[in-house]
Amino acid sequence: MSAITVVGVGADGWPGLSAAAREALGAADAVLGGARQLALLPEEVTADRVPWPSPLRPSVPGLLERFAGRRLAVLASGDPMFHGIGRTLLECGVPAESLRVLPHPSSVSLACARLGWPVEETEVVTLVGRPVESLHAALYPGRRLLVLSADAATPARVAELLVGRGYGPSRIRVLEQLGGPAEAVREGVAEGWSLPPGDPLNLLAVDCVLDPDVAPDAPRQQLVPGLRDELFESDGQLTKRHIRAATLAALGPAPGELLWDVGGGSGSIGIEWLRSHRSCRAVSVERDPVRAERIVRNAAALGVPRLRVVRGAAPAALAELEAELGRPDAVFVGGGLTVPGVLEACWAALGPGGRLVANTVTLESEALLTQWYRRHGGELVKLAVAHAVPVGGFTGWRQAMPVTQWSVVKGTGENEDENGGPGESGAAEAVGAVGAVGTVGGAK
């Protein structure tokens with residue numbers, strides 16, 4: 001593949017480009033870019049100007065094939081490798097060695113320079129092509145956020161979200177056309193936001209301030225697993241916070257990893273998996289359409305609208321996931337353990353080092369997990385918790401239903417045929433053997 005030069009350009013256009021960037025554009029046979037970016041080129045750039053079609057990503061391979069063998073340049077806003085076309089080209093199969101990237105200062109660098117904010121201490125949330133609810137996961141008192149806008153209407157949508165989350169006093173500055181001759185800053189407070197839409201090329205600087213009227217003991221979205229149960233919309237099918245924290249610890253999320261949450265319920269496991277790192281991925285499989293819609297709402301409210309929800313019953317609903325997304329790094333089975341083929345399908349999907357965690361409160365499913373534990377090892381524990389409640393004029397303990405949890409890491413060469421586990425046969429004989437488990441605090 002011929003080398004492709006990717007040139008970052010700012011709002012200042014041609015005058016702000018380096019000599020190397022100008023030379024590359026002047027020597028190109030064709031230049032690909034957005035209409036706004038192409039309009040910044042002077043007449044002395046004689047290359048064919050080709051605007052990106054919409055949607056962009058599916059068109060990339062065809063365009064690259066069309067211009068194969070010609071000197072090709074691609075325009076990007078700011079730094080092409082920061083939420084830019086540089087990454088898109090790599091993800092579409094262009095080898096890194098075939099790209100020559102000439103970056104311009106990113107909008108984030110320019111904004112931090114104007115605001116006096118250290119770049120390394122400033123969190124960046126992009127709303128370009130993503131729901132505004134993505135911002136939920138970044139909202140904490142005293143935090144400074146840079147929000148990459150999708151368009152001129154983004155500031156009003158962000159202000160509305162802030163007010164809804166109890167961050168009405170937050171200061172919002174809209175930085176428009178950064179680095180260009182029309183650079184401007186407009187500001188206001190989220191509560192009572194009244195600024196009309198301005199330039200579509202903008203980003204937001206948000207100083208997060210919690211409304212003093214918010215109750216000090218209100219449920220908060222802390223970083224570690226175990227969010228308060230009240231933060232989830234639920235019909236009762238919810239892995240309770242103490243069990244959830246223990247389950248996430250057993251699943252062990254790491255950056256970039258993929259989780260299958262089988263029997264999603266309210267979606268709490270997949271949601272907290274995604275909240276552990278912005279690059280984590282998760283699929284929640286739920287057969288009940290009402291619950292599936294509820295999972296979507298919970299994911300948006302808790303800042304991870306990227307959670308994918310598959311409506312269907314396992315194991316049939318799992319059939320296409322591996323082909324489409326690759327092997328999961330971890331699988332959680334929170335429901336349907338005794339459905340024939342569910343555990344077998346989940347086990348077969350895991351590669352070496354993959355983790356499987358299953359929770360249950362029934363003796364029948366507990367017996368099944370005991371059989372799998374005997375065959376594959378891992379850890380089998382009983383999680384139990386008691387809550388203090390009034391007893392007349394005194395206080396006593398109310399025991400929640402104990403949860404049996406099996407967790408295991410798949411080793412190299414583990415059996416992956418259709419008999420990957422004991423199945424339903426033999427489950428009954430294991431009921432009497434279930435007592436050989438440990439006990440730690442938890443709840444369901």
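1. Start with C346: at 0% relative accessibility, this cysteine counts as buried (buried is under 20% relative accessible area, exposed over 50%, partly exposed in between, with a 1.4 Å probe and protein chains only). C346 is in no disulfide, and the nearest cysteine sulfur, in C280, sits 19 Å away. A disulfide here is a pair of cysteine sulfur atoms within 2.5 Å.

2. A quick word on what you're looking at: this is a predicted model, where local features need pLDDT of at least 70, side-chain atom pairs count only at pLDDT 80 or more, and totals for chains, interfaces and linings use all residues. Residues are numbered from 1 along each chain as its sequence is written, and side-chain values use heavy atoms, leaving out hydrogens and water.

3. Now find the open sheet, five strands in the order β3-β2-β4-β1-β5 with parallel pairing. Its edge strands, β3 (48–51) and β5 (99–102), each pair on one side only. From one strand to the next, the twist averages 25°. Strands are DSSP runs of E, at least two residues, and helices are runs of H or I, at least four, numbered from the N terminus; two strands pair if DSSP finds at least two bridges between them.

4. Zoom in on β2 (residues 30–33) and β4 (residues 72–77), which pair in the parallel sense over three bridges. There, L32 stands opposite V74 in β4.

Conventions:
Axes fitted to C-alpha atoms, helices over the stretch in contact; angles between N-to-C directions.
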